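Please read the points below with the sequence and the model open beside them. They are meant for a colleague who is meeting this structure here.

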Amino acid sequence: MVASRLRKSLAIAMTIDPEQLLELALKSGSEAAEVYVSNSVSHPVFFEANRLKQLESIDSEGVGLRVWQGGRVGLAIAYGSVEPSDLVAQAIALSGLNEPEEIRLRETTVADYPKLYGKEINVEQMVDWGREAIAQVLASYPEAICSADWDCSRETVRILNSRGLDCGYTDITVDGSLSAELTRGDDFLNVWYGRSERGNLSPEAIAQKVRQYLDWAKKNAPAPSGKVPVIFTSKAVDLLWGIVAMAMSGRQVLQKATPWQDKVGQPVIADIFSVTQHPDFGVYSSPFDDEGTPTQEIKWIDRGTLQGFYGDLKTCDELNISATGNGFRGDLGNYPSPGLFNLAISASQTIQGDILELAATLKNGLIVDQVLGGDMDLSGDFSINVDLGYRVKNGKIIGRVKDTMLSGNAYTALNQVVAVASDRQWHGSLYVSAMIVEGLSVTSH
């Protein structure tokens with residue numbers, strides 16, 4: 001749904017000087033060129049079967065070179081030692097395979113922005129956090145088999161081009177996740193929860209969520225059937241908001257694929273919701289996108305009404321809209337394309353609390369926390385298996401449901417939201433609350 005910075009697991013050192021590479025590309029006859037350098041260092045810690053299994057240190061540096069030769073663009077990438085002249089020759093050769101394309105490069109970027117986000121967490125601390133999280137689950141469920149992953153990643157990006165752009169920054173994030181497996185006869189249960197921060201990451205908060213899910217699953221309960229209210233946890237609700245992100249992509253507008261093609265200025269979801277991009281807030285904040293375009297706070301949906309579409313430089317130009325700062329690569333080998341980041345979903349009316357407080361309002365319903373087969377197309381239609389779900393009866397969570405399917409349409413669902421929790425949480429780069437949706441079909445077998 002949203003853009004993420006480049007992650008490579010190659011332990012190699014870069015020897016190319018970006019200024020030299022840019023100069024060589026221009027001397028080789030290119031009308032314009034861009035160099036994108038990504039250096040990442042991470043120290044993942046892995047636990048399996050309740051014990052520390054592995055420590056790693058991953059250091060990777062790569063470079064992507066885009067050139068325009070004869071009006072055609074070519075992209076070449078390299079990891080490790082490579083001759084700059086070979087990389088330039090490769091990019092120029094690849095440009096000959098493409099159709100002519102207008103040169104779209106930024107000339108200036110944000111002048112004043114943080115050069116460092118987050119702080120380092122050492123491996124010893126992450127090992128302690130992993131052990132503490134597992135110990136807290138085992139204190140309540142000694143028969144559980146737990147796995148945990150902790151990682152502190154430091155990534156530095158730099159973008160420079162022949163129009164004078166030169167910008168970069170370093171981003172440090174800490175990711176932690178915990179899963180617990182329980183086997184009771186032929187009944188197998190797996191629950192997980194993860195969080196990301198720029199610095200301290202509480203193992204207690206992660207363990208508490210896992211224990212809560214296990215508590216709710218102590219008993220199995222019959223699934224409801226028919227059309228009943230469904231609570232999507234903040235982890236599961238990306239099933240619906242992911243479709244919204246796709247529908248707002250300028251690329252889908254150009255391809256005439258989005259159902260919101262002509263909906264700017266019109267209601268598209270329930271009027272309690274606003275959807276906003278926050279470049280200076282949260283774990284995935286960023287001063288500029290992967291083209292050097294300054295990111296900005298944009299309200300994509302205001303009280304249910306669509307305000308506009310997002311894109312990279314090319315997409316925005318073809319749509320005749322101002323650049324939105326949403327051009328991301330996803331990988332060095334990809335051209336920039338429309339992507340969202342730091343998406344915050346807010347509701348004008350909420351119920352104080354989270355899942356328990358939402359459940360207390362229902363006489364009969366289903367909680368969905370993990371799903372299987374959640375990929376959907378722009379039609380919004382879905383039919384998915386509930387991997388982890390719970391039955392609600394008379395305001396109480398009475399047990400875990402099995403062999404249950406959920407079907408409906410994402411756009412329809414987001415117009416049939418009857419309650420939203422006040423507690424918002426980060427899941428990936430989505431900041432969102434749990435909510436209750438009516439009108440979805442639940443079947444069990």
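**Notes on the predicted model**

1. Just after helix α1, G29 takes a positive phi of about 105°. Helices (H or I, at least four residues) and strands (E, at least two) are DSSP runs, numbered from the N terminus. At the other end of this helix, where α1 starts, a side-chain oxygen of D17 comes to within 3.2 Å of the backbone nitrogen of E19.

2. This is a predicted model, in which local features need pLDDT of at least 70 and side-chain atom pairs count only at pLDDT 80 or more, while totals for chains, interfaces and linings use all residues. Residues are numbered from 1 along each chain as its sequence is written, and side-chain values use heavy atoms, with hydrogens and water left out.

3. The chain has a mean pLDDT (the predictor's confidence in each residue, from 0 to 100) of 93, and 96% of its residues reach 70 or more. Over residues 1-14, however, the pLDDT is below 50, although this stretch has 56 contacts in the model beyond near neighbours in sequence, a contact being heavy atoms within 4.5 Å.

4. Which residues of helix α1 are buried? In this helix, which covers residues 18-27, they are P18, L21, L22 and A25, where buried means under 20% relative accessible area, exposed over 50% and partly exposed in between (1.4 Å probe, protein chains only). Seen down the axis of α1, these buried residues fall within an arc of 100°, so they line one face of the helix; the arc is that of the directions from the helix axis to the C-beta atoms. The elements that cover them include β1 (32-42), β4 (58-69), α2 (84-95) and β7 (145-161).

5. An unreviewed UniProt entry annotates residues 33-94 as "domain: Metalloprotease TldD/E N-terminal"; UniProt positions are given in the numbering used here, feature names are shortened, and annotations may be inferred rather than shown by experiment. In the model this span is 18% helix and 63% strand, and its end C-alpha atoms lie 14 Å apart.

6. S234 sits in the loop between β10 (226-232) and α5 (238-247), and with a relative accessible area of 6% this serine is buried. Its side chain makes polar contacts with the side chain of Q425 at 3.5 Å and with the side chain of H427 at 3.1 Å. A polar contact is a pair of N or O atoms within 3.5 Å; within protein, one must be able to donate a hydrogen and the other to accept it, and residues adjacent in sequence count only if both atoms are side-chain atoms. Leaving aside neighbours within four places in sequence, S234 also contacts residues including V432, S433 and A434.

7. T324, in the loop between α7 (313-319) and β14 (327-328), is buried at 7% relative accessible area. The side chain of T324 reaches the backbone oxygen of G311 at 3.2 Å, and among its contacts outside four places in sequence are W300, F309, Y310 and C316.

8. How many disulfides does the model hold? The count is zero, a disulfide being a pair of cysteine sulfur atoms within 2.5 Å. C316 is buried, with a relative accessible area of 2%, and its sulfur is 17 Å from the closest cysteine sulfur, in C167, too far for a bond.

9. P338 belongs to strand β15 (residues 337-338) and is buried at 15% relative accessibility. Among the residues that P338 touches, not counting those up to four places away in sequence, are S249, R251, Y310 and G311.
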